[in-house]
Amino acid sequence: MYQLKQLPEDFVVKEVSNVVIKPNGKYLYFKLNKRDYNTLTALTHIAKKLNLPEKQFGFAGNKDKQAITEQVCSVQGTTKEKLLSVNLNDISIEFLGYGDAPIALGDLTGNKFEIVLRNLEQEKVNLIHYFPNYFDEQRFSQSNVERGEALVRKDFKTAVELEHSKESKQHLSKIPTDYVGALKQVPMRLLRLYVNSYQSYLWNETLARYLCQKGKVVKEEAYSQGKFVFVEKAEQFSELKIPIIGFDAEELETDAEIKKIIIEIMQQERLDYFDFIIKQIPQLTLEGELRKAFAEVKELVVGKAEKDELNAKKSKIKVSFRLGKGSYATMAIRAMVKIT
């Protein structure tokens with residue numbers, strides 16, 4: 001079976017930003033280059049060096065940990081000189097300029113990827129134009145879905161227990177039953193990620209069931225939350241959109257069969273749309289939105305097979321391509337690789 005990310009250098013991600021850089025403004029914009037860090041962790045380290053709260057930093061998307069990545073970030077409350085004085089292993093900062101607003105999730109047009117697939121033997125890498133736009137394993141990590149589900153169900157005690165936060169434990173040592181207060185010690189972006197992870201699981205399940213009904217299945221792959229289903233003639237679904245379930249998702253326009261699948265899943269999960277309204281922590285109340293069911297692969301180049309220096313008697317292939325925001329390169333790879 002092929003392997004990804006045997007080295008961070010095997011997975012290079014460059015953000016395609018749509019941020020407008022200005023000569024002055026309230027916010028400093030900088031390019032964050034990192035190796036073997038996810039974005040949140042890298043910014044947390046920078047924040048500590050600058051003695052700033054992590055919430056002072058903005059970014060458009062959380063990039064892979066085991067990779068070399070490049071993205072645009074913002075910060076408020078420091079100077080160019082202090083920012084450039086930060087010295088951390090495997091993290092570098094390039095000052096870009098200023099802006100009037102913090103960089104927020106979604107402030108990008110997409111990402112460019114250069115990926116080395118290793119340990120190839122019987123696998124063939126095919127040219128593709130579309131692939132199912134599932135959320136891949138990076139979205140879920142360990143217990144993210146369970147944490148998000150606990151938050152949606154208002155089971156704050158379980159959410160705190162799953163979090164293992166030192167700050168939460170310290171809060172509970174002072175006020176033993178204040179689970180909401182304990183959760184508020186966790187960075188809000190992280191809590192939102194947990195709810196997003198639960199939503200992503202529900203969305204993946206909706207797409208997989210729909211494709212089983214409407215497409216000719218050519219491959220299924222198990223993953224931590226269920227299975228990914230791949231079908232022939234992916235281009236026939238290129239305009240299909242599926243709602244991400246949130247408190248108002250019932251009002252989003254979608255296919256009648258998809259609505260039926262969503263109702264079935266929500267009944268099995270014992271969920272209501274209003275469960276996504278979290279009054280105790282309003283910042284976690286998340287709306288629904290439409291997500292494209294299939295993602296387009298642009299500028300795809302598949303290199304020639306070469307000897308893999310890390311795996312005896314195996315081959316490696318380098319691929320490069322561009323994806324729109326919110327789509328996973330690892331999912332594109334899953335769709336490209338077939339056993340011959």
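Trainee: Leaving aside neighbours within four places in sequence, which residues is Arg-334 in contact with?

Mentor: Contact means heavy atoms within 4.5 Å. With neighbours within four places in sequence left out, the partners of Arg-334 are Tyr-2, Asp-136, Glu-137, Lys-219, Glu-221, Phe-228 and Phe-230.

Trainee: What kind of model is this?

Mentor: Residues are numbered from 1 along each chain as its sequence is written, and side-chain values use heavy atoms, with hydrogens and water left out. Local features need pLDDT of at least 70, side-chain atom pairs count only at pLDDT 80 or more, and totals for chains, interfaces and linings use all residues, as this is a predicted model.

Trainee: Is Arg-334 buried or exposed?

Mentor: Arg-334 lies in helix α9, residues 329-336; helices (H or I, at least four residues) and strands (E, at least two) are DSSP runs, numbered from the N terminus. Buried means under 20% relative accessible area, exposed over 50%, and partly exposed in between (1.4 Å probe, protein chains only). Arg-334 has a relative accessible area of 14%, so Arg-334 is buried.

Trainee: Which strand gives the most to the lining of the second largest pocket?

Mentor: On a 1 Å grid over the protein atoms alone, a pocket is an open set of points where a 1.4 Å probe fits, with protein on both sides within 12 Å along at least five of seven lines; lining residues have an atom within 4 Å of a point. The lining has 17 residues, with Tyr-130 and Ala-335 among those nearest the centre. Strands β8 (130-132), β9 (217-223) and β10 (226-231) each supply at least two lining residues. The most, 3 residues, come from β8.

Trainee: What is the radius of gyration of the protein chain?

Mentor: The radius is taken over C-alpha atoms, and the globule rule is 2.2 Å times the number of residues to the power 0.38. For 340 residues a compact globule would have a value near 20 Å, and the protein chain agrees with 21 Å.
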